[in-house]
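Me: Could you take a close look at the aromatic rings in this structure with me? I would like to see what sits beside them and how they pair up.

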Amino acid sequence: MKIIYDRTVPQAVFAAEEITKASKIALKSVSKQTVRLVVDAALGAQSYALSASAAEILVRGGDAAGVMYGGLDIAEAIRTNALGSPSKKETRHTPHLAQRGLKLNVPLDLRTPSYTDPSDAAQQNIPEMWSLAFWQELLDDMARHRYNVLSLWNLHPFPSIVKVPEFPGVALEDVWRTSAKLDDSFGFGGQDYVRPAMLAQHEVVKRLTIEEKIAFWRTVMQHAKDRGIDFYWFTWNAFLHGAEGKDGLTGDMGSPRTVAYFRASVRETIKTYPLLAGIGITAGENMEGNLGGLSKENWLWRTYGEGIRDALKDAPTRPFRLIHRFHQTGLTEIKTEFAELPCTLELSFKYAVAHMYSVPDPNMIKPVLPLLSPALRSWLTVRNDDIYSFRWADYDFAQAFIKAIPGPDKIAGFYMGCDGFFWGRDFLTKKPSGTRPTVMQKQWHSFALWGRLAYEPDLPAVTFERLTAAHFPGVETPKLLAAWADASKTFPLITRFFWGDIDLKWFPEACLSHPRFKGFYTVRHFMEGGTMPGAGVQNILDWRNKKPGGITPLELAQALQSNATRALQALPALQRKNPQNATEYTATLGDIEAMSQLGLYYAAKIQGACALALFDKSGEPAQQTSAVQHLEAALGYWTRYAATYTRQYVQPVLYNRVGWVDIPKLIEKVAEDITIARDWKPGTIDESKLKRSGTETGFKK
């Protein structure tokens, strides 16, 4: 196949390479057609148009990114045998959401941690942060899935990424990781993430000078730009990890010396990295009573605001964004302090707090929308602290979620990611063959859904059927995707029923919160717990008291049960297939089985909790018997879930937001629910004393 394109445009080069690769393995020959990739600015940024004749496929892109997306569209059509017959009719494609990103809590170094660092996920991935191959794989896949923003979040990244002339002793040589055994005793605010024992037992995972580190990140940012991806650094503030005790810096965040250090670090970061698109900040952790009498926003202006102004003095036309998270602060203070900011100011809001897999239209943002305008828009932080292990795939949910996002007059875009897990290379799989894939490669279908639908929400489901058929050739794709979606529905259903707003309070893969909250959620917690605000689901006590409105707990349990049963019934026929990439296919079916068993567990637990709640009120022995029977069934489902899970994933695993997770060991906790039901005394629940978890967004007017 002949491809005509501008070889000086990296995005076009990438698209041409993808077309060439696809044409070499295509089932249907397309070698007689020429593909022409051209820029037509009239189409607009990131947009493209496709037309074809018997001799030529024409891709017109509104800019370099549009050319790339159009070329990737052609490569995909070749690879999935969907190129079709030549037609004079032109199709046009324009991004629905202009900014479609990822959020990664990046574990740079033992001495400059992120929130995710006290976990197996981060510790396993520290070396990968300094591997160009990792970033190239990730950025290439991001482009294929139409993501165009990469935000890296760290408590205090500067010592690992920049030299500051006024503070020459701060920059860190080499890359460290601790060999000390971590546990679940770390705080939630980031202050104790670099402990003396960890430093004493460190290992050097890579030898690098600060100059080599700077060259590394410049290369990463260039590769991002070559894939149409903007690069951002985010901080939580105010931390001095890696810098405290050097060049006169102490833990006094409000001292003139510390303020000057942050201001200079911001300035040098922007000047050192010309391709940096922006910085994100938070009026957040380690700031209360620690700023020497300065307010949070005044401190942020004196450090980040003035640092940006210093950096842009010599480059006043440089496009740059400051994204100020709408967290633990108020809009009036932000606008007052940042009135003289010389670049674009935008906000950022936790769209569904920590649980994007809950409802497709979370209502937490409603009070914020009247404050937003084309002159002051917000990004959405779309947090996935629901699913770490499994390959999720539900086209209908993802499409509905994307379509419910408010329009571009209010919303600048989104970045999706975790606080309790790290999307680096997959470390959970027990016996990978060869190099471990990235999490994006493992969960390719999920990332494809969110990225592609964010670009084109009306992209038909058949697009993903074709992608799946190409990924697993010879499989009955419609049956696979139906079972996959049914199993995937477990997570939104259970999270809207049993609500814990932040990741510390609810991890549905294990029915857990952090041990300093509740730990394992028992049948009593289910009886007394609340449902997601605005989800239209009744909690068990309201249902028991016959209060009107909403989906009942038993109806939701029936939905969980029906979905999981359908998925499990489909598995035997699907398991008889043996596609070329059989290992990944088997693992995918394993995930479907595990999510289904988990769904059955939650269904039985809800049913048992309902029966026990009735017994608590009436004292009818038959209701207690029913509760015990449902909870015995729940134990069987959890036991099968644990067996399915550990067939392919390691246990136990340390997560930074919920602590140790050991699904087989939790069988003991699940069994205790049966004892709770057998020993229950009517009248135990005092509804007047219940305090349920609300939803804390950090939003203030």
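Reply: Happy to! A charge counts as sitting over a ring if NZ of Lys or CZ of Arg is within 6 Å of the ring centre and within 35 degrees of the ring normal. Please keep in mind that this is a predicted model. With that in hand, look at Trp153: Lys103 lies over the face of this ring, at 4.6 Å from the ring centre.

A pair of aromatic rings is described by the distance of the centres and the angle of the planes. Searching the whole structure gives 64 aromatic pairs. One of them joins Phe158 and Phe262: the ring centres are 6.4 Å apart and the planes stand at 90°, so this pair is edge-to-face. Phe158 belongs to helix α5 (residues 158–161) and Phe262 to helix α8 (residues 256–272), so the pair links distant parts of the chain, 104 residues apart. Both Phe158 and Phe262 are buried.

Trp301 and Phe338 make another pair, with centres 5.5 Å apart and planes at 90°, so Trp301 and Phe338 are also edge-to-face. Here Trp301 comes from helix α9 (residues 296–312), while Phe338 lies in the loop between α10 (331–337) and β14 (344–350), 37 residues apart. How accessible is Trp301, buried or exposed? Its relative accessibility is 8%, so Trp301 counts as buried. Phe338 is buried as well, with a relative accessible area of 4%.

How values were computed. Residues are numbered from 1 along each chain as its sequence is written. This is a predicted model: local features need pLDDT of at least 70, side-chain atom pairs count only at pLDDT 80 or more; totals for chains, interfaces and linings use all residues. Side-chain values use heavy atoms; hydrogens and water are left out. Rings of Phe, Tyr and Trp (its six-membered ring) pair if their centres lie within 6.5 Å; planes under 30 degrees apart count as stacked, over 60 as edge-to-face and the rest as tilted. Helices (H or I, at least four residues) and strands (E, at least two) are DSSP runs, numbered from the N terminus. Buried means under 20% relative accessible area, exposed over 50%, partly exposed in between (1.4 Å probe, protein chains only).
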